[in-house]
Amino acid sequence: MSEDLIIPSISSSVNKITISDTSKTGFGYNPAVGPSSNEITEDTSSILINKRTISLTPHSSNSILDRNLNKKVNEISLSSLSFLFCEIVNWCHKNSKGIQDLENRLNGLGYQIGQKFLELVKIREGVKYSKRETKIVEILQFIHSSMWKSMFGKIANELEKSQDLNNEYMIIDNLPIVSKFINVPKEYGNLNCSAFIAGIIEGALDSAGFFANVSAHSIPKDDNPLRTVFLIKFDESVILKEELRYT
Amino acid sequence: MIVYSVYILNKAGGLVYQNDINPGLNRLSANDYLVLAGTLHGVHAITSRFSHSMKIEQNEINMNNNSNILSTGKSLNPNTNRTGLQSIETDHFNLYIQQTLTGIKFIIITSPLKTTPMSRGQLNNELDLVNYLFRQIYILYGDYVSKDPFQASDMPIKNQLFDTKLRELVNQ
């Protein structure tokens, strides 16, 4: 028998495929070639090293996902934020069945922000300084100062522990920025639109492993009519964990 | 100058806000206030027609305003009340009418000046002060009324925050 192997006929043009003539938009998976199209070879690696950014999709070069996370965020207009938040409240209000439902919806919207924002603040703090908080007081201090600062440009006014209940903590803000211009009519009872911020806190705490329920209550003082208390009720398991570990 | 009252009329001439900040005027019945508001609105509309080219002028003012805002990025005097009734002066009170681009009217009632024959300087000072007040009230309106999700446009304004801020502004 002849030793000749049967080689499937490959046209010479396919053999000579180089990285430059695969696609004009850059890299990417080529279904005609298979997994090898994504492989890093000598050719591709040199391109990868020399080129600083490679756009995977034609229009992504300016998208928010491509910007540097560590960059300082620009300040935004309070008016635009207020109008946007006003519409958010309106939209939730339109869909809701009652005051409690409205608060829950606002809380839910904030929750998703909190989950992501915790991550972002941690990255911005830098690997050197940031660590994972394992104590309740530490995570609360982090939210009260670092996170509050990057969200609202100031730290929250007070951080307190409830005297009666072991699992209750309070973060107090004299003037929550999103509801600065919101006047809740009397017929809405004790609705507080800062439920949105409460949601952010809850999202951040939950994804940090401190399961909690957070609610916003307005407790006005003479000189601060919009003073808001964020009541944080930790889950039993969190308190138990803390006791086992640190006492 | 003491500011007695601040009223706000919507673009149809309805009284949407009334705040008698300092006592000094007799109280009228609720209906009379509505009639007063409607009458002022009507008189303002009619007097603005005295000027023969009012329609074109108003359009031109608006267009100039808009192009100026776009090119310079700075806001101009928000008062667009150029051709209508601007003030009523009596021995017991002065009443000033100012109108925004969107047709909302702010009415400010103040005490009259002490000296009856007013010199030009005094009159100008008074007008400057009223203009300043109007700007500040408009800012408060923009912040606390139009950014409030529970406030429908052209509806009566019941807003405690706005009340207190207005009181602070006027009594400062």
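Guide: Let's start with the angle classes: under 35 degrees is roughly parallel, over 145 roughly antiparallel, 65 to 115 roughly perpendicular, and the rest is oblique. This is a predicted model, where local features need pLDDT of at least 70, side-chain atom pairs need pLDDT 80 or more, and totals for chains, interfaces and linings use all residues, while side-chain values use heavy atoms, with hydrogens and water left out. Residues are numbered from 1 along each chain as its sequence is written, with chains lettered from A and ligands numbered from 1 in the order in which they are written.

On the H3(A) side, A:Ile88, A:Val89, A:Trp91, A:Cys92, A:His93 and A:Asn95 make the contact, and H4(A) brings A:Asp101, A:Leu102, A:Arg105, A:Leu106 and A:Leu109 (contact means heavy atoms within 4.5 Å). Sorted by class, that's 7 nonpolar, 2 polar and 2 charged residues (Ala, Val, Leu, Ile, Met, Phe, Trp, Tyr, Cys and Pro are nonpolar, Asp, Glu, Lys and Arg charged, the others, Gly among them, polar).

H4(A) also packs against helix H6 (residues 195–207) of chain A, at about 45° and with the axes 6 Å apart. This pair is oblique too, and H4(A) and H6(A) cross in the right-handed sense. Among the residues that meet are A:Leu106, A:Gly110 and A:Gly114 from H4(A), and A:Ala195, A:Gly199 and A:Gly203 from H6(A). The contact of H4(A) with H6(A) comes to 10 nonpolar, 7 polar and 3 charged residues.

Now for the sheet. It is open, with 4 antiparallel strands of chain A in the order E1-E2-E4-E3 (two strands pair if DSSP finds at least two bridges between them). E1 (158–161) and E3 (212–218) of chain A each have a single partner strand, so one side of each lacks a neighbour in the sheet. On average, and ignoring direction, neighbouring strands of this sheet are turned by 20° against each other. E3(A) runs antiparallel to strand E4 (residues 228–234) of chain A, joined by 7 bridges, and A:Ser218 has A:Thr228 of E4(A) as its bridge partner. Helix H5 (residues 136–152) of chain A packs on the sheet, where H5 touches E1, E2 (168–173) and E4 and points at about 15° to E2(A).

H5 of chain A also holds A:Trp148 and A:Phe152, 4 residues apart, about one turn of the helix. Over all chains there are 13 aromatic pairs (rings of Phe, Tyr and Trp, the last by its six-membered ring, pair with centres within 6.5 Å; planes under 30 degrees apart are stacked, over 60 edge-to-face, the rest tilted). The rings of A:Trp148 and A:Phe152 have centres 5.3 Å apart and planes at 65°, so they count as edge-to-face.

Note on methods. Helix = DSSP H or I, 4+ residues; strand = E, 2+ residues; numbered from the N terminus. Axes fitted to C-alpha atoms, helices over the stretch in contact; angles between N-to-C directions. Left-handed = near helix turned anticlockwise from the far one by under 90°.
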